[in-house]
Amino acid sequence: MPKEKRSKSAVLNMFVRDFPDFTTDGNILFCKYCDVPVAANKKFQITQHLATGKHQSQKDKKSVKKQQTLITTAFSTGPKRSKFNEELCKAFISADIPLNKLSNPILKSFLENYTMTTIPHESTLRKNYVPVLYSNTINELREKAAGKSIWVSLDETTDVEQRCVANFVFGILGVEEERDKSYLLTLKTLNKVNHSTIAAFFNDALNLLWPGGIMYERVLVAVTDAAPYMCKAMVGLQILYPKLIHVTCLAHGLHRVDEQVRAVYPQVNALIASVKKVFLKAPSRVEKFRETAKDIPLPPTPVVTRWGTWINAAIYYADNFYLLKNIVKEFSKEDAHCIQEAQSIFCKKGVYEDLVYIKTNFACLSDSIKVLETKGLSLLKSLEIVEHVSKSLNSEPKNKIISQKLTAVLQKNIGYQNLKNISGFLDKKEPLNSNNVQILTTSDCY
């Protein structure tokens, strides 16, 4: 019987099975690497094409490109690039450098030249790596707080768009290496600021720290300012947190006494305000001051939100009263109303004496505020500072109004009395079972 002739399509498919470098559509044989059709009338035509140098070269090149997309290769090279991007993102965030700085061509070129790595766009880091770093950081904080007692600091402020932003800061108690460390756990923009929104934010933050369930007996101290809504929120939260001691900020309390000093001495306050205006946006007067007083800085500018700065300004004026008086006296009254006002106050009787009195009796306020703002300050040392200020103010009969203000501030601070009792217990001077302290155990105090 004669052999049955195979169709062209069957022959081409047979060649494709025998030689995987080719593909076919049933009409022509096509080389996958050279991107050209190959004659396929005889088998030797195919073997000749495979033996050419061009085919071998193209096959090697395209095989390398193809291998770069394989899963195994992607896993071996991907983590290196990903690790670099993650470390770069972490470095910028840790150093408080905005990620958009990576768009700077000089910085980007510098990093690429010395790292030999392509620098990613800021959006790549923000979308793919910032959430990972946030998750890792939260997990680290959870590990630190696991089974530990904590203290909490809660505050509310406004941002540049006048939105109310609440901040939750906490620290670990009882661990020596955590003594001077604090962590910003979360913040939230509040539509309304009152005791209920603050209490809800407090609980939400602790749910983030302890997702498995809030450890109510592990929250021992909460520090806030003395705003009424803060105090009311803490009173309500003490029902849920049985060991919680609420303390209003002692440094802020001393600042409120500082503000009382400013109110008691209006002439000194007017002098500081008027001299501030004399040198504000007046380069010629500043130059005149520097020519006359070469080794003395310009008069300080008190800021309400910078605690203790008004007392420091008064001390500066006490030290340089007559020098400032002579400098301001040389300025023309016609130039500005503030010059006339400052010259008039400088000549008033008793202004210099008030400045000296403030320096002598109230310098302890600004010094104590500065020390209380120091990280890692022990409880005993903090309370000693406040007691020293109280004794200093009570030692002078003229300070009656000021000392009464401090007494009122401390009496309203119920947590302060609790801390005094704990401090006495730690110093082995008083028992812990005072009515001021709630159900703290001995281990909670260490």
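Student: Hi! Which residue just after α7 takes a positive phi?
Tutor: Hello! That residue is Gly147, with a phi of about 70°. Keep in mind that this is a predicted model.

Student: Which residues in α7 are buried?
Tutor: Leu133, Ile138, Leu141 and Ala145 are buried there. They cover an arc of only 135° around the axis, which puts them on the same side of α7.

Student: What's the general rule on which residues of an α-helix point the same way?
Tutor: An α-helix has 3.6 residues a turn, so residues three or four places apart point the same way.

Student: OK, on to the strands. In what sense do β4 and β5 pair?
Tutor: Strand β4 (residues 150–158) pairs with β5 in the antiparallel sense, over nine bridges. If you'd like a pair to look up in the model, Val152 has Phe170 in β5 as its bridge partner.

Student: How many residues lie between the strands in that hairpin?
Tutor: Five residues lie between β4 and β5. In this hairpin, Gln162 takes a positive phi near 65°.

Student: Which other strand does β5 pair with, and over how many bridges?
Tutor: β5 also pairs with strand β6 (residues 183–190), in the antiparallel sense and over seven bridges. Here Val165 stands opposite Thr189 in β6.

Student: Why is β5 described as largely enclosed by the rest of the structure?
Tutor: Seven of the nine residues of β5 (residues 164–172) are buried, so this strand is largely enclosed.

Student: Changing topic: how many cavities of 30 Å³ or more does a search of the whole structure find?
Tutor: The search finds one. About 80 Å³ of space lies in the largest cavity.

Student: What lines the largest cavity, and which residues lie nearest its centre?
Tutor: The lining has 14 residues, and Cys249, Leu250, His252, Gly253 and Val409 lie nearest the centre.

Student: Which helix gives the most to that lining?
Tutor: α10 gives the most, with five residues. Both α10 (250–264) and α18 (400–412) supply at least two residues of the lining.

Student: Last one! How do the lining residues divide into nonpolar, polar and charged?
Tutor: Eight are nonpolar, four are polar and two are charged.

Conventions
Residues numbered from 1 in each chain as written. Predicted model: local features only at pLDDT ≥ 70, side-chain atom pairs only at ≥ 80, totals over all residues. Heavy atoms only, no water. 1 Å grid on protein atoms, 1.4 Å probe; cavity = no way out; pocket = protein on both sides within 12 Å on 5 of 7 lines; lining within 4 Å. Points joined across faces, edges and corners; volume = space filled by probe spheres on them. Helix = DSSP H or I, 4+ residues; strand = E, 2+ residues; numbered from the N terminus. Nonpolar A, V, L, I, M, F, W, Y, C, P; charged D, E, K, R; others polar. Buried < 20%, exposed > 50% of the residue type's maximum accessible area, 1.4 Å probe, protein only. Arc of directions from axis to C-beta. Pairing = 2+ DSSP bridges.
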